[in-house]
Amino acid sequence: MNSWRNLILRLGEKCPEYGGTADFKEQIESCYSTVWRELEHSGDDVLEFLLQCAEQLPHKIPLYGTLIGLLNLESEEFVRKILETTRANLQEALDVGNCDRIRILLRFLTVLMCSKVLLPAALVVVFETLLSSAATTVDEEKGNPAWQACADFYITSILSCLPWGGAELTEQIPEEIDRVMVGIEAYLSIRRHVPDIGFSIFVDVDEAENCFHEKDFLEDLWGRIQDLSSNGWKVDSVSRPHLSFEAQLVSGKTHDFGPISCPEQPTSRSTASSIAFGQQRHEAELKYPQRIRRLNIFPASKMEDLAPIDRFIMEEYLLDVLLFLNGCRKECASYMVGLPVPFRYEYLMAETIFSQLLFLPQPRFKPIYYTLVIMDLCKALPGAFPAVVAGGVRALFEKIAELDMECRTRLVLWFSHHLSNFQFIWPWDEWAYVLDLPRWAPQRVFVQEVLEREVRLSYWDKIKQSIENAPGLEELLPPKGGPNFRYGAEGDRERSEQQVLSAELTSLVKGRQTAREIISWIEEKVIPAHGLEVTLEVVVQTLLSIGSKSFTHLITVLERYGQVIAKLCPVEDKQVMLINEVNSFWKNSSQMTAVAIDRMMGYRLLSNLAIVRWVFSQANIDQFHTSDRPWEVLRNALCKTYNRISDLRKEISLLKKDVQSVEEAAAKAKEELDAAESKLTLMNGEPVLGENPLRLKRLKSFAEKAKEEVVSVRESLEAKEALLVRALDETQALFLSLYKNFSDVLAERLPEASVIGTSRSFQTDAMAVDNEDMSTMEVDEEPGRSIRSMSNGAKGRNGYRLGENEQWCLTTLGYVKAFSRQYSSEIWPHIEKIDAEVLGKDVHPLFRKAFYCGLRRPVI
C-alpha cells in the first residue's frame with residue numbers, strides 16, 4: 001500500500017484515544033503534508049480513497065474532516081470536488097434508499113461544517129429538505145403515512161448528526177438550527193407512536209402496555225438530544241480535533257452545497273384497505289429498518305454512568321464497525337476494542353453485539369459472524385470480555401422464559417457454538433437446579449437443547465466429560481445410541497420375513513443394481529406378497545441403514561435410489577409414512593432426522609405439505625414445549641420453500657436483463673445486415689450487392705444467431721416465470737395448511753375465548769385458563785419430583801410456576817408469531833386467502849393475536 005494511503009487509513013490510530021501515545025495533531029499534520037504533495041500527481045485517487053475511508057471508518061470522520069479542512073487552505077478546487085462528489089453520493093443514496101450511506105454522509109457533512117469547509121446554512125438546508133419530506137410523508141392528505149418508517153429514518157439521521165456539530169450550529173446560526181429543532185418537534189407531534197410489538201426480544205407480562213407507553217426509538221433519541229442541548233452540547237464520546245486547528249481553519253473558504261431532493265413515496269389511496277396499508281408499512285419497514293433494539297440486560301452500574309447520548313454514540317460506533325468490517329473479523333475486533341472514547345465499554349459492547357445477534361425480525365448478518373466476533377473479542381481482551389459475555393449469558397438465561405421463541409433458538413445455536421470454541425468449558429453446576437424444574441420449564445429446555453447441539457459439534461462422551469461438575473445433567477443429554485435399524489440381524493435367532501427382504505435389498509444395492517431394476521423387483525415380488533405398507537417400511541429402513549455411516553453415504557443413497565422411494569411414496573399420505581420411518585430410524589439423533597428429511601425434500605421425495613402434516617401429528621404436538629426436534633424440521637421445510645422462491649426471483653431478474661441485452665444485440669445485428677444489404681451497385685443494368693459477399697454472409701449468420709438467442713432466452717424466462725407461479729401457489733397452500741394446523745391444535749388447548757376477558761397482554765391471555773379469580777395454579781408433577789404450587793406465571797430455582805398446558809400454549813403461540821414474522825414478506829400477498837380460510841370468526845382470539853403480532857398488523 002502506498003505511504004499516503006496507509007497514512008490516511010491509519011490516521012489517528014497512534015493517538016491516546018486509540019491506546020497509543022502519539023499526539024493526534026502531529027499525526028494529522030504529517031498526513032496532511034504527505035497528502036498535499038500527492039494531490040498534484042494522484043488527486044483523483046486521493047479523493048476516492050479519502051471518501052472511502054470516511055464512509056467505511058465513520059468513527060474517524062472528525063479526523064478526516066479536519067484533514068480536509070487543512071487541504072481546503074491550499075486547494076479549494078480539490079475540496080470543492082469532494083463536496084460535489086459527496087452531494088452526488090448522497091443523492092444516489094437517497095434515491096435508492098441506502099440508509100447507512102445517507103446516515104454516514106450526513107455526519108460527514110456535519111463534520112466538514114465544523115472544519116469550516118461547508119457553510120452552516122447549507123447544512124441546515126439539507127436538514128430542512130429531509131424534514132420537509134418527512135412531514136409530507138406522514139400527512140394524511142398529502143402524503144402516505146404507511147411509509148412513516150422512511151420519515152422516521154430521515155429525522156433520526158438529522159438528530160444523529162447533532163452530537164458532532166450541534167455546538168457549532170448553535171454558535172454560528174442559532175436561529176436556523178432552532179427552526180430545525182422546532183420542525184422536528186412538530187413532526188413528532190403528528191407522527192404515530194411506533195411500538196415494538198412483534199419485534200420485542202423479551203415478551204413479558206406487560207409487553208402490550210409497555211410498548212404503547214414507553215418511548216419508541218425516535219422519541220428516545222429526541223429526548224437524548226434535548227438533554228445534550230441543555231448540557232451545552234458537551235459529549236465525551238465525540239473527538240473534536242478541529243478545535244486544535246481552529247485558528248488555521250477559519251482562514252479557509254467555506255463552500256456551498258448543491259440542492260438535494262428526497263424521492264417521492266408510493267401514493268396512498270384514500271380508499272386503501274387495512275391490508276394494503278399493512279403491506280405498504282411492511283415494505284417501508286424492510287427498506288428503512290430500525291438499527292438497534294436495546295437489550296438492557298446488564299445493570300446500569302456496569303455502564304460506568306454513561307450519559308444517554310454517549311450510549312447512543314457508542315452504539316453507532318460499534319454498529320458501524322460491525323457493518324463496514326464484516327468481511328474482516330480480526331480487523332473488526334481490533335477496531336471494536338480500540339474506539340476513541342475516554343471510558344471503558346466492554347459491557348455496552350457485549351450488549352450491543354447480543355442485541356444484533358437476537359435482532360428481530362432478522363439480524364443484519366448471519367449469526368455465525370457475531371459468533372466469530374465475540375470469539376475474537378474474547379481473545380483480544382482475555383482478562384475482561386469473557387467474563388462480560390458469561391454475565392450476558394447468565395442474564396439472558398434468567399429471563400429465558402420471556403425471550404422470544406426465535407431468539408431462544410438463536411441463543412441456543414450461538415451458545416453451543418461459542419462453547420465449542422472454548423473447549424466446552426462452562427460452570428454447569430450453576431444451572432444444575434434445572435433438574436428440579438418440570439421438563440417443560442424453559443430454563444431446563446434451554447440447557448437440554450444446548451447440550452444436544454454440543455453433541456452435534458463434538459461427540460457424546462466429550463460433552464458428558466464437560467459436565468462432570470454437574471453429573472446430574474447427564475439426564476438431559478440426548479441418547480447415545482446410533483441408528484435404530486428395525487431389521488438388523490439378531491444373533492442366532494431365526495430371521496423374520498422382513499429381515500430376509502431387507503437382506504435381499506441390501507444385496508441388490510451392494511451388487512450395484514439400478515434403481516429401475518430394484519423398482520421392478522419391488523413391484524413384481526415384494527408388494528404382491530407383503531403389501532405396500534410393509535414394503536415401504538422395509539425399503540426405507542434398509543436404504544437409511546445403508547446410508548447411515550455419514551452424510552455423504554446418505555446423499556449417495558438418495559441420489560442413486562431416490563426413484564425407488566419416490567415410486568413408493570407418490571402421495572402425501574405415503575410421504576407422511578416415509579417421514580415416520582425416518583424419525584423411527586433416527587430416533588436417537590435429532591440432527592440426522594432433520595438432515596435426512598431436509599435432503600429428501602431437496603430431492604423432491606417429500607413435499608412441504610407432508611412435512612407440515614407430520615409435524616402436527618399427535619406424537620410431535622405433545623413435545624412442542626419440551627423439544628426442538630419437530631420445530632427444526634418445520635423450520636428447515638419453510639426455509640427451503642422460501643429459498644426456492646428467492647432463487648427463482650433472482651434467476652428471473654437476471655433473465656430479464658439477459659433478454660434486454662440479447663434483444664439489443666439482435667437489433668444491432670439486424671441493423672448492420674440491413675445497412676449492408678442496402679448497398680447496391682449496377683452492373684450491366686442489373687443491381688448487384690456492393691458489399692463483400694463473405695462479410696454479408698457473416699452478418700446474416702450473426703443476425704440469425706442473435707434472433708435464435710432472443711427466442712431461447714425468452715423461452716427460459718417464460719419457463720422460470722411459470723415455475724415461480726407454481727411455487728407461489730404451493731407457498732399459499734403451505735401457509736394455509738400451516739396456520740390451519742396451528743389454529744386446530746391451539747383451539748383444543750387454549751381456554752375458551754369467553755373466559756379470557758381483558759387481560760393485560762399476550763402472555764397473560766395465554767395463561768388465563770379460568771374465568772374465576774386464581775391466585776395459584778397447580779403445576780403438573782414430574783414422576784419422582786415434587787413441585788410445589790406457586791403463583792401463575794413466575795419461575796425460580798425452587799420450581800417453575802407455570803402448568804404444562806399453559807407452557808405448551810405459550811410456546812406454540814410463540815412459534816406462530818415467529819413464523820409469521822420471519823416469512824411476513826411471503827405471507828402478505830396471501831393474506832386475504834388466509835383471512836378467509838383460517839382467520840374466520842370462529843378462530844381463537846389468541847391465535848389471531850399471535851399471527852397478527854408477527855405481521856405487526858393491528859388486531860381487528
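Good morning. A residue counts as buried when its relative accessible area is under 20%. In this predicted model, Phe-415 has a relative accessibility of 1% and therefore counts as buried.

Let us remain with Phe-415. Which residues is Phe-415 in contact with, leaving aside its neighbours within four places in sequence? They are Val-393, Trp-426, Trp-428, Trp-431, Phe-446 and Val-450. Among the aromatic pairs, of which the count is 37, is that of Phe-415 with Trp-426, an edge-to-face arrangement with 5.1 Å centre to centre and 85° between the planes. Phe-415 belongs to helix 18, residues 405–420, while Trp-426 lies in the loop between helix 18 and helix 19, and the two are 11 residues apart. Trp-426, at 9% relative accessibility, also counts as buried.

I turn now to the nonpolar cores. The largest has 176 residues, and Phe-415 is one of those touching the most other members, together with Leu-90, Met-336, Phe-354, Trp-428 and Trp-431. Helix 2, residues 24–56, supplies the largest share of this core, with 13 residues. A second, separate core comprises 80 residues, including Leu-501, Ala-515, Val-526 and Trp-828.

Finally, consider a pair of helices. The axes of helix 26, residues 608–615, and helix 29, residues 693–749, come within 10 Å and cross at roughly 5°. The two helices are therefore roughly parallel to each other. Helix 26 contributes Asn-608, Leu-609 and Val-612 to the contact, and helix 29 contributes Ala-733, Leu-734, Ser-737, Leu-738 and Asn-741. By class, 5 of these residues are nonpolar and 3 are polar, with no charged residues.

Thank you.

Note on methods. Residues numbered from 1 in each chain as written. Predicted model: local features only at pLDDT ≥ 70, side-chain atom pairs only at ≥ 80, totals over all residues. Heavy atoms only, no water. Core = buried A, V, L, I, M, F, W, Y, C linked by side-chain atoms within 4.5 Å. Buried < 20%, exposed > 50% of the residue type's maximum accessible area, 1.4 Å probe, protein only. Helix = DSSP H or I, 4+ residues; strand = E, 2+ residues; numbered from the N terminus. Contact = heavy atoms within 4.5 Å. Axes fitted to C-alpha atoms, helices over the stretch in contact; angles between N-to-C directions. Parallel < 35°, antiparallel > 145°, perpendicular 65-115°, else oblique. Nonpolar A, V, L, I, M, F, W, Y, C, P; charged D, E, K, R; others polar. Phe/Tyr/Trp six-rings, centres within 6.5 Å; stacked < 30°, edge-to-face > 60°.
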